[in-house]
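Me: I'd like to learn how to read a few features off a model. Can we start with cores?

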Amino acid sequence: MSSIRGRAAAAAAAALTAGALLGAPAEAATSAFGPSAPQNPYTAPAGGATTHGDSASAKTFTGPGFAGSSVKVSRSTLLAACPTLLHGADGALLGLCTEYLGQAPSLKLLDKSSGAAVASLPITKGALLGGVYAYLDDQDRVVIVDGNRDLLRIAHTATSLTVTEKTPLAAVIADGDAVVGVIPAYDGRVWFVTAAGTVGAVNPGTGAATTYQLPVGEKVANSVSTVPGRFAVTSDHALYVFDTTAAAPKLLWRYAYDRGPARKPGQLSWGSGATPVFFGPATGYEYVAITDNADPHMNLVVLRTDGTGTPLCVQPLFTGEAASGTENAPVAAGRSIFITNTYGYDYPALPDDAGESVPSDAGFDGGVARIDVNAAGTGCAITWSTTTRSAALPRLSVTDGKLYTVVQDGLLNGFYAAAIDATTGAVSDKALLGYGLVNPLQTAGTPIGRTYYQGTVTGVLTIRPN
């Protein structure tokens, strides 16, 4: 998943028109794919703590999804688009949404049976349209930086939302800049990155912050990721990995990817559309992956987390199409990576600074692919590639081996809840959700039990096994 800012812009337009790095962690969850990264002690349980599931951004979850059952679909209309859905240890469902009126962000406590809002808390709007990436901490509080450049922790009861902590960051974030992503390191410090490339780490106890500035001219439109000892961020020029055990953000390596000549249609910004993803078959985080923006076909790029910034593979994707690109981050587990092709996806609107795409328009051909790193860790290869048109960022159940997403299909371009077999790429389940008003805008859903919740341009869908 990429720019929440861009998805907020799309929502607004729709509203107008309608520890140590080495060594296997004992607590890592294992599956048929391999271990996940160890649970971050400063987030809610992996699976619902971030829009990408966990602080490694792997987009996996344990337990089966709705596959194998008929489903009942209900839709809540919230007069807002809700690109970020979170849930913690208490099972409460929370949505970071963009209101139609004023296009300002709000946090909503949602009824899990209907998706209706039980409570809503306005978040001060800043330089970014709508919200930013947020996470749930180990006390199930939403952590976000608002438009006043304040780091907020927001608690909830069964019927209310309340700001319980506020840490000012205006001293280290320039006026007119805004935080794009925020995530805790494994020592408890809260790391963030701004649109203009300021990387920071905040001590939540003292409020003291230290920063590192990316090169002038580099922008950030995607979220951030952490694993023990490491923090990763992708700018519109390069991937960066930092040491989180140092007193201040310490750059370990930088990889300048192929950013291509321009933004492609189906993307919200020029450059990589990918939040960096940590994964691996031994520790759950020995590798980090992004996609680039090479022309005409993007590449999956995999590097060693503790390497020097030299890729172990650069794999071209969806070469059967005239061109390919993506606005979505990889899904990853063990040695396997799953990528969607969003080239030509029709967003209702784009960020103000998106610039023209080249070409100006294209059809949405879609595509989902599985790529596997070889056992020696020296290269990778495509295992399967399909033309399935995923309109959402998939989530992988490491229990039932299915990728859960929304696909766009048929003469009327309807949206369907779908499960994709991670072994073969075949769509095993499919249920009609609706048409334009349920557009998921390439955002990720979240599972609670076998029920799957998906944010849309108008609210939230609840997809429940019958």
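Reply: A nonpolar core is a set of buried Ala, Val, Leu, Ile, Met, Phe, Trp, Tyr and Cys residues joined through side-chain atoms within 4.5 Å, where buried means under 20% relative accessible area (1.4 Å probe, protein chains only). This is a predicted model, so local features need pLDDT of at least 70, side-chain atom pairs count only at pLDDT 80 or more, and totals for chains, interfaces and linings use all residues. Residues are numbered from 1 along each chain as its sequence is written, and side-chain values use heavy atoms, leaving out hydrogens and water.

Me: Which residues touch the most other members of the largest nonpolar core?

Reply: Out of 35 residues, they are Leu239, Phe279, Leu300, Val302, Ile337, Ile339 and Val373. Strands (E) are DSSP runs of at least two residues, numbered from the N terminus; E17 (238-243), E20 (287-291) and E21 (299-304) are among those supplying at least two core residues each. Another core, of 25 residues, lies apart and includes Val199 and Tyr240.

Me: Is Ser272 buried or exposed?

Reply: Buried, at a relative accessible area of 1%. Ser272 belongs to the loop joining strand E18 (250-256) to strand E19 (277-279). Contact means heavy atoms within 4.5 Å, and beyond four places in sequence Ser272 has contacts including Asn222, Thr234 and Tyr257.

Me: What about sheets?

Reply: Strands of a sheet pair through backbone hydrogen bonds, either parallel or antiparallel. Pairing here takes at least two DSSP bridges between two strands. One open, antiparallel sheet runs E2-E33-E32-E31. Strands E2 (71-77) and E31 (446-448) each have a single partner strand, so one side of each lacks a neighbour in the sheet.

Terms used. Helix = DSSP H or I, 4+ residues; strand = E, 2+ residues; numbered from the N terminus. Buried < 20%, exposed > 50% of the residue type's maximum accessible area, 1.4 Å probe, protein only.
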